[in-house]
Amino acid sequence: MTAPGPPIAPMLAKPIGARVPQRGPKGQELRFEPKWDGFRCLLFVTADSVVVQSRSGEDLAYCFPEVVAAAKTGIAAGTVLDGELVIAREGRLWFERLGQRIRPRSEEGGWKIAELARDFPAQFVAFDVLAAHDEDLMARPYGERREQLDAIALAPPFFRTPATDDAAAAQDWFDQFEGAGLDGVIAKPVAAPYEPGKRTMFKVKHARTADVVVAGWRAHKQAGPGGTPVVGSLLLGLYDDAGTLHHVGVAASFSVAKRTELTEALRPLAIGDDDDHPWRRYAGAARQPGMQSRWSGGKDLSFRPIRPELVAEVGYDHMEGDRFRHVAKLVRFRPDRTPQSCTYSQLQQPQTYDLGDVVPGLG
């Protein structure tokens with residue numbers, strides 16, 4: 001049976017909490033791996049080409065020329081690897097540098113990608129193999145696929161993620177590796193085949209809450225009753241030691257009813273065009289809402305400022321620098337808290353951990 005070709009939907013994981021389990025929900029025997037925070041990719045190597053397929057099915061080969069060049073000479077034809085593209089520097093993952101590869105797609109962007117590939121080369125951390133020696137391995141159980149992966153000689157920029165059958169050791173990884181930029185643990189049923197697009201793996205991720213200032217909102221793409229704008233996302237802020245309110249992320253994913261409810265709740269806090277707001281001047285702050293980002297693609301990022309008087313408790317998994325890495329979840333409003341009490345000092349800071357101690361030679 002010949003090696004499968006792209007596109008293949010990567011196998012996914014479902015969340016099961018913040019503690020590493022001894023066995024799966026149905027009693028499955030599990031093997032554990034660190035959860036990498038990068039770009040999930042399938043790497044297809046043939047005699048003629050290298051495809052770097054993203055989770056959405058796009059070929060990212062043009063974004064990572066250094067990885068493609070290394071795969072042509074270092075990975076045998078007929079190999080398909082599942083893994084994560086990362087940029088590792090100074091003992092930790094740098095997701096910000098990774099994201100700079102995606103936009104823009106112009107000739108200038110191409111030149112910029114070449115420059116970034118030289119100055120901040122990416123690495124590929126493999127955690128599964130779908131084909132080896134031109135043989136399709138997807139129907140085989142994960143335990144056998146891992147043996148095949150262990151048998152493949154990998155040299156930088158290609159690395160192999162560690163794996164363990166010991167739940168206690170995996171819990172230690174969960175507690176320690178966040179300091180190197182990793183964001184949890186993946187638990188894989190040892191007997192499971194590779195099932196594209198299905199959530200047959202399990203992920204253990206950090207679950208935390210923080211009290212933040214709601215200082216503005218962006219309208220949802222779909223208007224509310226009568227065509228009036230309704231809340232699509234809340235803009236969140238935290239104060240630093242100097243008293244500057246920094247934009248740290250958004251809370252979103254609201255139901256239709258919740259969007260209308262939030263719009264009405266925020267209406268009394270609206271300010272006029274000439275009124276003062278900390279994010280109009282934004283003196284000395286690290287993040288400003290409304291700025292274009294690598295993901296925005298020219299979208300309208302304008303926001304409606306409100307008086308920064310409302311405090312909300314939000315759920316988040318981890319920080320990337322001085323902001324939430326992913327979209328936060330609104331838990332509740334906190335009328336008992338003052339905005340000035342919403343500072344960075346409340347956030348749990350992971351203990352620093354060197355990435356080279358996770359995978360030797362990486363970072």
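This is a predicted model: local features need pLDDT of at least 70, side-chain atom pairs count only at pLDDT 80 or more; totals for chains, interfaces and linings use all residues.
User: Where in the chain do Phe39 and Phe64 sit?
Analyst: Phe39 is in strand 3 (residues 39–45). Phe64 is in the loop between strand 4 (50–54) and helix 1 (65–74).

User: Are Phe39 and Phe64 buried or exposed?
Analyst: Both Phe39 and Phe64 are buried. Ring pairs also link Phe39, Phe64 and Phe95 into a cluster.

User: What lies over the face of Phe95?
Analyst: Arg325 does, at 3.6 Å from the ring centre. Elsewhere, the charged end of Arg304 sits over the ring of Trp217, 4.9 Å from the centre of that ring.

User: What about Trp279 and Phe303?
Analyst: Their ring centres are 6.3 Å apart and their planes are at 65°, so this pair is edge-to-face. Trp279 lies in helix 7 (residues 278–281), and Phe303 lies in the loop between helix 7 and strand 16 (304–316). The pair therefore ties together parts that are 24 residues apart in sequence. Trp279 and Phe303 are both buried.

User: Changing topic. How many salt bridges are there?
Analyst: A search of the whole structure finds 24 salt bridges. Side chains of opposite charge can pair when their charged atoms come close.

User: Which residue meets Glu33 in a salt bridge?
Analyst: Arg146 does, with 3.7 Å from N to O. Glu33 lies in strand 2 (residues 30–34) and Arg146 in helix 4 (residues 142–151), so the bridge ties together parts 113 residues apart in sequence. Glu33 is buried, with a relative accessible area of 1%, and Arg146 is buried at 7%.

User: What about Asp150 and Arg146?
Analyst: They form a salt bridge, with the closest N and O atoms 3.0 Å apart. Asp150 and Arg146 are four residues apart in helix 4, so about one helical turn separates them. Asp150 is partly exposed, at 41% relative accessible area.

User: And Arg267 with Glu264?
Analyst: Their side chains meet in a salt bridge of 2.5 Å, N to O. Arg267 is partly exposed at 49%, and Glu264 is partly exposed at 45%.

User: Which residues do shared partners join into one network?
Analyst: Glu33, Arg146, Asp150, Arg160 and Lys188.

Notes. Residues are numbered from 1 along each chain as its sequence is written. Side-chain values use heavy atoms; hydrogens and water are left out. Helices (H or I, at least four residues) and strands (E, at least two) are DSSP runs, numbered from the N terminus. Buried means under 20% relative accessible area, exposed over 50%, partly exposed in between (1.4 Å probe, protein chains only). Rings of Phe, Tyr and Trp (its six-membered ring) pair if their centres lie within 6.5 Å; planes under 30 degrees apart count as stacked, over 60 as edge-to-face and the rest as tilted. A charge sits over a ring if NZ of Lys or CZ of Arg is within 6 Å of the ring centre and within 35 degrees of the ring normal. A salt bridge is a side-chain nitrogen of Lys or Arg within 4 Å of a carboxyl oxygen of Asp or Glu.
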